[in-house]
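Subject: Structure for your review

Dear colleague,

Please find the structure below, followed by an account of what was found in it.

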Amino acid sequence: MPLRRALALPLAVLVLSLAACTGDSDEPPAPLATATPIATLAPSPAATPATMTATPSPTPPSLATPSPTATAAPSPTPTPTSTATPTPTATPTPEPAPSPTPSPTTFRYTTYDTTGAVAEPGSYAFLADPADTSSVVTSYEGLRDGTARALRIHTTDADGVSRAAFLDTVEAGDLFEWKQADDCFVRYTVTEVKPDPAGTVPRKSLGVESIAYAFTGCSGAVSTDAAASVTWGALPNLGGTSLTAPIVQGPFQLVPAGWTGATKPVGPRFPAGPTIPFAETTSLAEARTFPHWREPKLPGGWTFTYAWSGDEVEVGYFEAFYNGLTLTVSASGINAKYSAKEASATYTFGGTQTSVRETLQIAGRPARVHRSITEEQFPTTLHVWDEATGVLYLLDGNLDAATLIEFAESMFEPPNPQ
């Protein structure tokens with residue numbers, strides 16, 4: 001009997017997987033016996049350990065006081081005895097409070113400049129070629145499909161406020177959202193901070209790449225005089241009960257509950273999974289040779305126990321077990337890109353529950369989390385799409401979303417055995 005048949009799987013499981021032939025199914029199994037309270041989606045920063053700073057007391061002078069001599073018969077003067085210097089008292093440095101997440105910063109712009117000059121306050125333009133001002137993207141589709149590769153923006157917004165100081169702090173990797181309405185917006189990541197455009201007009205030039213968008217509220221030519229906001233900072237995850245129009249992030253599409261309107265057409269289907277010889281092992285070194293192997297950084301005391309690989313639909317590249325966790329990757333890929341999933345659902349499942357799906361970025365990769373907002377025992381599911389390898393990783397278990405996100409982020413941090 002194969003080793004995988006003999007292993008008894010623990011109740012609390014974390015599954016890391018490339019979605020099976022149904023694609024990215026994350027419908028909840030029955031609740032597990034034990035639960036970890038649901039945490040916030042963004043992993044909390046690790047607390048900084050308190051440091052001990054030795055604060056020495058002033059060293060007293062040596063006390064060498066001879067004993068007084070008797071008048072009748074003088075006694076020899078005794079050897080002076082020095083008083084020991086007190087041991088310095090260690091004074092703990094107070095642990096700093098965690099830095100609050102900065103609130104998003106929003107600017108208002110009212111002119112989309114199709115000439116690319118961006119010479120007036122409140123004007124901006126997206127360019128297909130950062131070096132060519134005549135390459136202004138003129139369609140909403142171009143703003144979200146990857147055509148837009150740069151943003152040229154006047155540093156004074158439509159309200160006459162200079163945003164130069166803020167824009168000078170923007171770095172590669174920062175995210176921002178351009179938005180005209182709840183059903184018409186695009187989120188971008190900054191790929192490069194480019195030299196400021198020549199001339200006396202105060203403008204900023206940034207390399208950009210679209211990562212998420214809402215598409216049902218705008219199509220065709222970009223309005224040149226519609227007000228738009230540009231928001232920087234900690235952008236909320238997309239989806240959940242507040243979603244009012246479909247959104248797309250990477251291969252994931254979310255729609256409001258009960259949505260009957262337009263959705264993104266289903267994209268190309270992936271080919272069948274690769275042929276991978278069956279293998280199983282209790283050796284971590286051998287497991288690390290499996291195709292597309294990635295492993296998270298786990299809490300102390302958790303150890304690798306078993307892994308297997310093969311071209312069966314439910315596995316594919318590998319499936320690994322770490323103590324009370326299960327990590328799985330299957331080979332069939334996403335059944336079809338952009339197949340819509342409802343962003344929230346309320347149903348009876350041992351009581352009334354509401355689950356939500358939300359999209360986010362993890363280690364620069366599009367991701368989708370499925371969690372409950374009413375039931376602690378609801379298994380949380382996290383998908384992460386790695387475009388470079390065509391692998392969809394799935395983390396699944398009766399764990400809070402913050403923990404799964406921490407695990408997923410660590411999987412893409414170097415060094416990670418491949």
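How much space lies in the second largest pocket? The volume comes to about 580 Å³. Please bear in mind throughout that this is a predicted model.

**The second largest pocket**

At least two lining residues come from each of α2 (140–144), β9 (203–214), β12 (247–249), β21 (365–372) and β22 (380–386). Of these, β9 provides the largest share, with five residues. Sorted by class, the lining holds nine nonpolar, seven polar and nine charged residues.

**Aromatic pairs**

The model contains 18 aromatic pairs. One of them joins Tyr140 and Trp178, whose ring centres are 6.3 Å apart and whose planes stand at 40 degrees, so the pair counts as tilted. Tyr140 belongs to helix α2 and Trp178 to strand β7 (residues 175–181), and the pair thus links distant parts of the chain, 38 residues apart. Tyr140 is buried, at 6% relative accessibility, and Trp178 is buried as well, with a relative accessible area of 1%.

A stacked aromatic pair is formed by Phe176 and Tyr188, with 5.3 Å from centre to centre and 20 degrees between the planes. Because Phe176 lies in strand β7 and Tyr188 in strand β8 (residues 184–193), this pair ties together parts that are twelve residues apart in sequence. Both Phe176 and Tyr188 are buried. These two residues also belong to a cluster linked by ring pairs, together with Phe107, Tyr109, Tyr112, Tyr124, Phe126, Phe166 and Trp232.

Ser355 is part of strand β20 (residues 352–362). Is this residue, Ser355, buried or exposed? Its relative accessibility is 3%, and because the limit for a buried residue is under 20%, Ser355 counts as buried. The side chain of Ser355 makes a polar contact of 3.1 Å with the side chain of His370. Beyond its neighbours within four places in sequence, Ser355 is in contact with Ala343, Ser344, Ala345, Tyr347, His370, Arg371, Ser372 and Phe378. Ala343 is twelve residues away from Ser355 in sequence, and the C-alpha atoms of the two are 8.3 Å apart.

**Asp386**

Asp386 is located in strand β22. With a relative accessible area of 4%, Asp386 is buried. The side chains of Asp386 and Thr389 are joined by a polar contact of 2.6 Å. When neighbours within four places in sequence are set aside, the contacts of Asp386 are Arg365, Val391, Tyr393 and Phe412.

**Helix α5**

The N-terminal end of α5 is capped by Asp400, which has a side-chain oxygen 3.2 Å from the backbone nitrogen of Ala402.

Val118 sits in the loop between β4 (111–112) and β5 (123–127), and at a relative accessible area of 0% Val118 is buried. His292 is partly exposed, with a relative accessible area of 25%.

With kind regards

Technical notes:
Residues are numbered from 1 along each chain as its sequence is written. This is a predicted model: local features need pLDDT of at least 70, side-chain atom pairs count only at pLDDT 80 or more; totals for chains, interfaces and linings use all residues. Side-chain values use heavy atoms; hydrogens and water are left out. Helices (H or I, at least four residues) and strands (E, at least two) are DSSP runs, numbered from the N terminus. Buried means under 20% relative accessible area, exposed over 50%, partly exposed in between (1.4 Å probe, protein chains only). Contact means heavy atoms within 4.5 Å. A polar contact is a pair of N or O atoms within 3.5 Å; within protein, one must be able to donate a hydrogen and the other to accept it, and residues adjacent in sequence count only if both atoms are side-chain atoms. On a 1 Å grid over the protein atoms alone, a cavity is a set of points where a 1.4 Å probe fits but cannot get out, and a pocket is an open set with protein on both sides within 12 Å along at least five of seven lines; lining residues have an atom within 4 Å of a point. Grid points are joined across faces, edges and corners, and a volume is the space filled by probe spheres set on the points. Ala, Val, Leu, Ile, Met, Phe, Trp, Tyr, Cys and Pro count as nonpolar, Asp, Glu, Lys and Arg as charged, and the others, Gly among them, as polar. Rings of Phe, Tyr and Trp (its six-membered ring) pair if their centres lie within 6.5 Å; planes under 30 degrees apart count as stacked, over 60 as edge-to-face and the rest as tilted.
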